[in-house]
Amino acid sequence: MSHHIVEFKEVSFRYPDGTEALKGVNFRITHGESVGVVGANGAGKSTLLQHMNGYLMPTSGTITIGDLILTKKTRREIRKKVGIVFQNPDDQLFMPTVFDDVAFGPLNLGMDEASVRERVRKALGMVNSLALQDKPPHHLSCGQKSAVAIASVMAMEPDILAMDEPASNLDPRSRRSLITLLKTFKHSKIIASHDLDLILDVCQRCIVIGGGAVVADGPSAEILSDKAFLEENSLELPLSFQRRS
Amino acid sequence: MTFDEKYFDIGRLDRLSYRETCVHRLDPRAKVVATMLFLLTVISFPKYEIVALAPFFLYPVLLLTVGEIPVRFIIRKIIVVSPFAVFIGIFNPILDTRTAAVIFGVSLSAGWISFLSILLKFALTVSAALLLIATTSFSGVCHALRRLGFPALFVSQILFLYRYLFVLMEETMRIIRAREMRSFGSRGAGMKVFVRLIGILFLRTVDRAERIYYAMLSRGFQGDIPTLKRSRIVLPDLVFLSAMIAYLLIFRFFPVTEGIGRVAQELF
């Protein structure tokens with residue numbers, strides 16, 4: 001299937017203040033792949049993710065999502081295909097109740113009432129949060145907020161799921177259930193994280209970003225076990241490998 | 001009162017609206033319309049009116065009792081905002097010195113009467129508004145406003161105000177705590193630092209607003225916040241609304257309290 005492809009070709013991006021965040025990024029992600037994006041703080045991971053649905057437009061280079069090339073015109077279509085989960089769930093949950101929030105996307109897609117309810121039910125069920133639906137987001141715990149944030153994106157049934165630090169606010173058990181959840185999601189997914197064990201668990205492929213460019217791209221098991229290379233990029237061995245050595 | 005206490009206090013008003021009483025179950029639209037009619041009626045009284053206002057306390061008192069809202073909590077809230085009303089009316093007794101009545105040999109100027117009238121109207125309107133919020137979820141009020149035809153932009157502004165009020169307060173609380181922890185009992189270098197804190201809070205808010213807008217765009221936002229119909233006007237709502245209208249009309253246009261007074265006078 002061609003419509004789940006993400007392709008970056010020589011993508012560069014410069015912030016208005018002159019900071020060059022991306023310098024010629026190239027990669028191609030095909031249908032059903034799960035890819036981890038790792039790199040030091042400020043390496044450009046978040047900037048990269050923000051390009052995926054056209055919030056930021058590349059200064060040069062092209063991004064292809066499915067069969068659409070990202071332009072100002074195709075942005076809206078692309079946003080239906082790519083669901084992005086943010087690092088801070090408070091930024092993502094902007095409606096007064098959990099139900100309203102999860103229903104926001106489907107309603108914007110112009111769905112009728114019955115199918116919206118069905119979508120919301122399904123999405124909340126997926127993250128085990130059906131009981132929260134009438135609560136206001138400010139009464140949820142961090143873990144619950146993250147779960148609902150994921151549901152709110154899942155309710156749009158995106159072809160491609162992109163996540164920025166999905167596990168950063170979670171306690172170990174919530175993190176584990178997130179990992180299980182991510183494994184059940186069959187579409188392409190792109191996860192930016194410092195949690196290398198999570199990447200190792202969920203993603204077969206790993207892209208290392210350094211100084212705004214791709215410095216390594218290959219199987220996670222291979223890249224994430226190369227101690228010298230990881231340390232060069234301000235990373236370290238995943239804990240599960242450290243124990244072994 | 002410290003900042004933390006204030007914060008949890010606001011949360012309390014919000015939590016009151018999650019209760020389940022027959023007042024809470026009424027359709028938000030019915031309550032919004034009833035509250036608006038109530039406010040209009042109270043404000044419509046002439047400025048020297050006191051006696052005729054008294055029966056209007058029946059509505060807030062009924063709501064309080066049936067809705068199981070703690071009285072002292074609401075009274076405290078009214079007192080907190082009362083300076084506004086006091087300052088509006090405080091000069092009336094000085095400027096308007098016509099003698100309006102003589103009670104037990106003490107002459108009472110018209111200014112005092114209008115001042116008292118302002119205070120009564122204030123207490124009535126504010127308590128009605130507070131009780132609306134305490135008995136209706138905020139999102140319920142917003143949906144009601146939207147469905148009653150208020151502009152989308154206006155309604156989404158209040159929705160966001162409500163949603164992010166708590167987030168912003170937490171943010172402020174974190175900043176204030178961080179300052180207190182490193183200022184060792186002193187006031188944390190005073191005004192200069194305080195001004196900077198506000199600046200930082202502002203910048204963070206702008207950043208957050210941008211991220212929220214991004215999140216909204218990511219989920220297909222096109223200018224209006226779509227909502228599902230979730231409630232239907234049923235018989236109890238209509239009964240409530242018509243009873244309310246009857247109550248307001250009777251006490252607005254017939255001097256009921258005066259009548260009771262006359263009857264009492266004749267009896268004794």
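Author: Domain bounds here come from an automatic or database domain assignment, and the model they are applied to is a predicted one. On that basis chain B has domain 1 (1-150 + 231-261) and domain 2 (151-230), and the C-alpha centres of these two domains of chain B lie 30 Å apart.

Reader: What makes the contact between domain 1 and domain 2 of chain B, and which helix gives the most to the side of domain 1?

Author: Residues count as in contact if their C-beta atoms, placed from the backbone, lie within 7 Å, and the contact takes 10 residues from domain 1 of chain B and 12 residues from domain 2 of chain B. On the side of domain 1, helix H1 (3-16) and H8 of chain B each supply at least two residues, with H8(B) giving the most, 5 residues. The residues of that side divide into 6 nonpolar, 2 polar and 2 charged.

Reader: Why is helix H8 of chain B called mostly covered?

Author: A residue is buried if 20 or more other C-beta atoms lie within 10 Å of its own, and in H8 (residues 138-147) of chain B 8 of the 10 residues are buried, among them B:Phe138, B:Val141 and B:Arg146. In chain B as a whole, buried residues make up 22% of the 268 residues.

Reader: How do you know whether chain B is spread out or compact?

Author: The secondary structure of chain B comes to 12 helices and 2 strands. For 268 residues the globule rule gives 18 Å, whereas the radius of gyration of chain B is 23 Å, well over that value, so chain B is more spread out than a compact globule.

Definitions and conventions
Residues are numbered from 1 along each chain as its sequence is written. Chains are lettered from A and ligands numbered from 1 in the order in which they are written. This is a predicted model: local features need pLDDT of at least 70, side-chain atom pairs count only at pLDDT 80 or more; totals for chains, interfaces and linings use all residues. Helices (H or I, at least four residues) and strands (E, at least two) are DSSP runs, numbered from the N terminus. The radius of gyration is taken over C-alpha atoms; the globule rule is 2.2 Å times the number of residues to the power 0.38. A residue is buried if 20 or more other C-beta atoms lie within 10 Å of its own, exposed if 12 or fewer, and partly exposed in between; C-beta atoms are placed from the backbone. Two residues are in contact if their C-beta atoms, placed from the backbone, lie within 7 Å. Ala, Val, Leu, Ile, Met, Phe, Trp, Tyr, Cys and Pro count as nonpolar, Asp, Glu, Lys and Arg as charged, and the others, Gly among them, as polar.
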